[in-house]
Amino acid sequence: MSQTTSTSSGAAGAPSIPAAPHRWLTLVTVALAQLMVVLDSTVVNIALPSAQVDLGFSNGERQWIVTAYSLAFGSLLLFGGRVSDLIGRKRAFIIGLIGFAGASALGGAATTFGMLVGARALQGAFGALLAPTALAVLTTTFTVPKERARAFGIFGAIAGAGGAIGLLLGGFLTEQFDWRWNLYVNVFIAIIAIVGAAFFVSSIKRSGPRPKLDVPGTVLVSGALFTLVYGFSNAETDGWDSPLCWGMLTASGILFIAFVLWQRRAAHPLLPLPIVLDRNRGASYSSILIAGAGMFGIFLFVTYYLQTTLKFTPMQTGLAFLPMIVMLVTAAQFSTNLFVPKFGPKVMVPIGMSIAAIGMVYLTHLGVTANYAADVLPPLMILGVGMGSIMPAAIQTATLGVDRRFAGVASAMVNTSQQVGGSIGTALLNTLAATAAADYLASHLPPTAAVAAEAAVHSYATAYWWGACFFAFGAVLAAFLYRRRGDGPTLGEPVAASSSRGTEPAGATEPSEPVVAH
């Protein structure tokens, strides 16, 4: 088999060809794209109140600014990942950047509610192409184990900290400029990333027949993801007794079953099942989903607490999360460069989940009055360490040993897991918090302003407890699912995968796709 392409490692643990010459500039380019996609969810949330006043839409309509993006992004992720495999990652990456920037500019210039919702849906669609392509570029660019660990440490830190960075940036832009700049800022980030992609992202010169797109599989899984995200979004707004909510979730389950059955017999499957059924990758996708659910709880309810209870401004709220970001980035670098190569994800991911659970429990002690430095800062820093231990190790393991032909769709599973986790977490935690607040008010009559403030804090504490349960369950699940070191491909070791349908044979990659650096 030809050895003209880069491999994870050769027989002696060395790459079969020299590493990409501009790989660290490639990392900067990919990191910018990832940051733009991840921070967009929270940066827009900060802008919503100002946008509502400017465009004159109702509270009931406001949720569609968020839901339109989530539906398009969540339902098209696997399709976007597969498209990047078919048309080439460099081309898909640049198309995704241009489309996302154009949609952001359209949203920033919106003069009506419908125009803003449409722009958000377009952002989600192009984000579904951009996000998995960015991770796939990283996966196929960094093949030397130590460099791969360092690169994924940075990428994983951005994936974990992007939401908090969005709060900081959103607060600054809303206070100092205008809500529209929360969308316009993506244009400037995208321009820098497009220039970087043109010069530093490698392209693939394909020989042989072009793979075919699995159209039935694409329709089934896109429909399944759309109904899943919509069902949870509907539960958040209309409650769990909504017939539409359960109708959507039931339809999602049926479509997912149909998708799996089709993938077992499809000649050109969208998502080869061996990719997901590998124990380490399955554990990674599950860990990312659970961490995504917990992360949304952190950002959502701590933001509520800081702004409504402690009366922080949007800018102060963003700055309040800054120490958490620092701890997350620091922990990510130590984890991927020192601890994961030594102990493996079977140890590090459960430890990270346990630390995050401790941080969530710590948050439950917050009251109506609190001192930021003494009461809020310590649990946020603990959570930063926990997330910095989970995300890089899980993301790196999720794409380890995947055949480069399927790197895009395998990377899309990472984004899909985080998006679905966020949708589940937001819906469940919001519902549980609302129920806790209503019960507290019912048992503390009359409902004075002071009682209402106590009820809000009580509802946040309920969400933190459930978030801690998510992380605790994740710790047990990760410890059970991840293989022991030596039982399969491990981070920092040569890759040896068991199946050629979506996984990479030992010491080889796709022979028909030599890497050509531009």
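Thr29 is buried, with a relative accessible area of 4% (buried means under 20% relative accessible area, exposed over 50% and partly exposed in between, with a 1.4 Å probe and protein chains only). Thr29 belongs to helix H1, residues 23–55. The model is predicted, so local features need pLDDT of at least 70 and side-chain atom pairs count only at pLDDT 80 or more, while totals for chains, interfaces and linings use all residues. Residues are numbered from 1 along each chain as its sequence is written, and side-chain values use heavy atoms, with hydrogens and water left out.

**Overall make-up**

- The chain holds 16 helices and two strands (DSSP runs numbered from the N terminus, with helices being H or I of at least four residues and strands E of at least two).
- Of the chain's 518 residues, 56% count as buried.
- Among contacts in the chain with a separation of 6 or more, 82% come from residues 24 or more positions apart (contact means heavy atoms within 4.5 Å).

**Surroundings of Thr29**

- Leaving aside residues up to four places away in sequence, Thr29 touches Phe93, Ala193, Gly196, Ala197, Phe200 and Val201.

**Nonpolar cores**

- The largest nonpolar core has 108 residues, of which Tyr305, Phe321, Ile390 and Phe471 touch the most other members (a nonpolar core is a set of buried Ala, Val, Leu, Ile, Met, Phe, Trp, Tyr and Cys residues joined through side-chain atoms within 4.5 Å).
- Helix H10, residues 279–309, gives the most to this core, with 13 residues.
- Apart from this core lies another, of 18 residues, among them Leu35, Ala51, Phe57 and Ile158.
- Ile390 touches Ala291, Val349, Gly352, Met353, Ala356 and Phe471, with residues up to four places away in sequence not counted.

**Helix packing**

Two packed helices are described by the angle between their axes and the distance between the axes. Here axes are lines fitted to C-alpha atoms, for helices over the stretch in contact, and angles run from 0 to 180 degrees between N-to-C directions.

*H7 with H15*

- Helix H7 (residues 215–238) packs with helix H15 (residues 407–442) at an angle of about 20°, and their axes are 8 Å apart.
- That makes H7 roughly parallel to H15 (angles under 35 degrees count as roughly parallel, over 145 as roughly antiparallel, 65 to 115 as roughly perpendicular and the rest as oblique).
- H7 and H15 make a left-handed crossing (left-handed if the near helix is turned anticlockwise from the far one by less than a right angle, right-handed if clockwise).
- H7 contributes Leu225, Leu228, Val229, Phe232, Ala235 and Glu236 to the contact, and H15 contributes Thr416, Val420, Ser423, Ile424, Thr426, Ala427, Asn430 and Thr431.
- By type, the residues of the contact of H7 with H15 are eight nonpolar, five polar and one charged (Ala, Val, Leu, Ile, Met, Phe, Trp, Tyr, Cys and Pro count as nonpolar, Asp, Glu, Lys and Arg as charged, and the others, Gly among them, as polar).

*H4 with H15*

- Helix H4 (residues 113–141) packs with H15 at an angle of about 120°, with the axes 8 Å apart.
- That makes H4 oblique to H15.
- The crossing of H4 and H15 is right-handed.
- On the H4 side the contact is made by Ala131, Pro132, Leu135, Ala136, Thr139 and Thr140, and on the H15 side by Ala407, Gly408, Ser411, Ala412, Val414 and Asn415.
- The contact of H4 with H15 has seven nonpolar residues, five polar and no charged.

*H3 with H4*

- The axes of helix H3 (residues 89–108) and H4 cross at roughly 155° and come within 8 Å.
- That makes H3 roughly antiparallel to H4.
- The crossing of H3 with H4 is left-handed.
- Residues of the contact of H3 with H4 divide into 17 nonpolar, eight polar and one charged.

**Backbone points in loops**

- The peptide bond from Leu445 to Pro446 is cis, with omega near -5°.
- Pro446 sits in the loop between H15 and helix H16 (449–481).
- Lys311 has phi near 60°, a positive value in a residue other than glycine.
- Lys311 is in the loop between H10 and helix H11 (314–320), and is exposed, with a relative accessible area of 63%.

- Ala472, in helix H16, is partly exposed, with a relative accessible area of 36%.
- Ala472 and Ala357 are 115 residues apart in sequence and 5.9 Å apart in space, C-alpha to C-alpha.
- Arg405 lies in the loop between helix H14 (372–398) and H15 and counts as partly exposed at 27% relative accessibility.
- Arg405 and Ser84 are 321 residues apart along the chain, and their C-alpha atoms are separated by 9.6 Å.
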